Amino acid sequence: MPAVELDRVTKTFGEVTAVDDLSLGVPEGSVFGFIGPNGSGKTTTIRMIVNIFYPDRGQIRVLGDVMSPARNHLLGYLPEERGLYRKMHVRPLLEFFGELRGGRKVGREVAGWLARLDLAQCANRRVDTLSKGMSQRVQFIAAVVPEPKLLILDEPFTGLDPVSADVLREAILDLRRRGATVILSTHDMTVAETMCDHICMIFRGKKVLDGTLASIQDQYSNDTIRVAVGGGLAMLDDLPGVEKVRDLGQVQELRMALGCDPHQVLRALVERTRVTSFSIAKPSLHDIFVRIAGPAAEEEVGVD
Amino acid sequence: MTNMLRKILLMARRDYLESVRTKAFIIGLVVAPILFGGGIFGVALMKKKPDLRDKRIAVLDRTGVVAGLLAQAAAEKNAKEAYDKVTHAQTAALYVLEAVAPAPGDPEEQRLALSNRVRSRELFAFLEIWPQALHPGQEIKAPARTVGYYTNAGGIDTTRNWLRDPLNRAVRSVQLAQLGVQGSHFEDLLTPVAIDPLSLLARDAKTGALQQAKKKDEVAEFVAPFGMVMLLTMIVMVGTAPMLSAVTEDKNQRIFEMLLGLATPMELMAARVLAALGRSLTSSAFYIVGALLVLEGMAMMGSVPLYLLPWFFVYLVADVIMLSSFAAALGAACNSPQDAQNLAVVLVAPIMIPFFVMMPVMTAPNGAMATVMSLFPPFTPVVMLLRQCMPMGVPAWQPWVGLAGVLVWTVGGTWVAARIFRVGILMQGQPPKLSEIVRWAWAG
């Protein structure tokens, strides 16, 4: 049974259709990546799941039942727009949010999470004295105390340093291991690729990708070559059979035209320069995202 | 306890505790009575330290007979009121009247010279009495000046108020003398007849005993309704005014989306309203207990209409709910503290408008304007309470009809406010137009 099930859900704001006839299922116990460009309808979809917005059409079922305010206690939500009572102290603030959701005292759980996210020393500090990263970790705790069955995280890693991001990643995966279902909305394709069991992309309110990373990549075949060559990007102009070149810095990613033989590309490269690395790969999630949504096209170098 | 009620109470407790712990609330709670009490203390202090400088008044008497009588009245007043009866120390300024004979030539030059003496503070004022003053009734068809009082004293001039009585007595004395009445009758003829304000008689329903009329304290009859309405206004303002900026601030700090994951907009608003009610009741307890202690100390407890306290609290609760839900909706529609500040005047209108019409309502508490205003729900709490505080009271049905109107208005207003609040708290960017707010209220 899916933890969350959307059945032909539509939401409009005036003339704008934010979510258009969207159906999807979030497998129970999975980390579900929710991706899409800005304004594609991700946040609106999440707000409907959380019961902040109501769909104009269609139905949403959460943990087997139609979502209602009475089920809010099953759900932890970290919105993209971070907000905490700035004048409150950390511990009472977290206890307030925890009690509001769980209907019981959560002092011990709060203390445990503060220690786990290296915030124990901040427990008695006012929120407005915390750094951005600390505030973000505090807000994460507010979303997971008491432990929810469904956790919805909208861009949880934004603004975090690598150490804090690792701590948070480990905490999320641990919650998943303990049975929680996690919906992770992110613009970071690496996070989606490495953390998510299942990925869904929506674009202009419609679902354009839905499945595991492997199944999504299979839809795009092995049309990608990653190379590292002497002379770098300048050596890759006008390569026969190559449609596009994406510069990743030390490595370049080439997308081949339909029916192109990768050996032909390798031969052309060897004739031009020294090739230090050459591998045929499935397209990355980033590449797939760009192919669909195309906002980063300026960064790419078009090759005939 | 239902889950909904539990959440509302939990959020209300947080909002309440956070707001009553602020310096602004504590200072407001303490400063307001100090300001009012300070005013009373200031007046008392001024009475204790009066200005003892002589009040020299020149009397330019064109009748030739009034100035002497005025000087005599001033001397009597000085002897009677300007000295402490035990210590004989001077306690008030002495009136010194200086008779000035009309000078030949241009009268305006003489007036200018006297005016300059007033400007140089040699004189407090000067009085010009024309001959027509002796027969003021004959001048009705062709009005002419009878007495002129020239001064640069501003505000409430007690000297002019005092002069009115001895001047009229002097004029009447001259008239009576001209009519041949003996001077020994003057006191009897000129002493005004006082009208004592008395309460109505009643018969005790149980004992059958007649309850005599008591002399009414007119000051207390003014102070009681004024004070009660003032208290209501102050408490409602203390409870609801912070709501507008608090909601806008929370909206700017993006708190609502986090909360909306845990509670419905209606629960959020209910908690806010409940917290405002808590703030108001806290301040009302503080003020009412304080006021009662002061009145008890001043032995003025009898003038307080204590039987109206239940109505006071009913109106207080209704007004706070009405205004705080309105404030929540307005705050949700604002995107910055500046927007909220601009809309504050809209919020306080339902409480300030009735406050401004207090005097006309007290003059005619059962007049058409007072009755209509007291039955218009946004104004009912203040205006109806004011009318109820007046000695003649209101017809028994009116407070109940007014209350029914307030309840309907409160429920309807809160429902509309909740719909605006629900949409507004997630809206960012440009402040919404009025048409958009109406659409939110309509469509939710």
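Ile199(A) stands opposite Gly211(A), a residue of strand 10 of chain A. The model is predicted: local features need pLDDT of at least 70, side-chain atom pairs count only at pLDDT 80 or more, and totals for chains, interfaces and linings use all residues. Residues are numbered from 1 along each chain as its sequence is written, chains are lettered from A and ligands numbered from 1 in the order in which they are written, and side-chain values use heavy atoms, with hydrogens and water left out.

Strands (E, at least two residues) and helices (H or I, at least four) are DSSP runs, numbered from the N terminus. Two strands pair if DSSP finds at least two bridges between them.

Strands 9 and 10 of chain A form a hairpin with two residues between them, and Arg204(A) in the turn has a positive phi of about 50°.

In a regular strand, side chains alternate between the two faces of the sheet. From strand 9 of chain A, His198(A), Cys200(A) and Ile202(A) point one way, while Ile199(A), Met201(A) and Phe203(A) point the other way. Six of the six residues of this strand (198-203) are buried, so strand 9 of chain A is largely enclosed by the rest of the structure. Buried means under 20% relative accessible area, exposed over 50%, and partly exposed in between (1.4 Å probe, protein chains only).

Chain A also has an open sheet of four strands in the order 2-1-4-5, with antiparallel pairing. Its edge strands, strand 2 (16-26) and strand 5 (65-66) of chain A, each pair on one side only. Strand 4 (residues 57-62) of chain A is joined to strand 5 of chain A by two bridges, and Arg61(A) has Val66(A) as its bridge partner in strand 5 of chain A. Helix 1 (residues 42-50) of chain A packs on the sheet and touches strand 1 (4-13), strand 2 and strand 4 of chain A. Contact means heavy atoms within 4.5 Å.

In chain B, Ile26(B) lies in helix 2. At 44% relative accessibility, Ile26(B) counts as partly exposed.

Methods: Axes fitted to C-alpha atoms, helices over the stretch in contact; angles between N-to-C directions.
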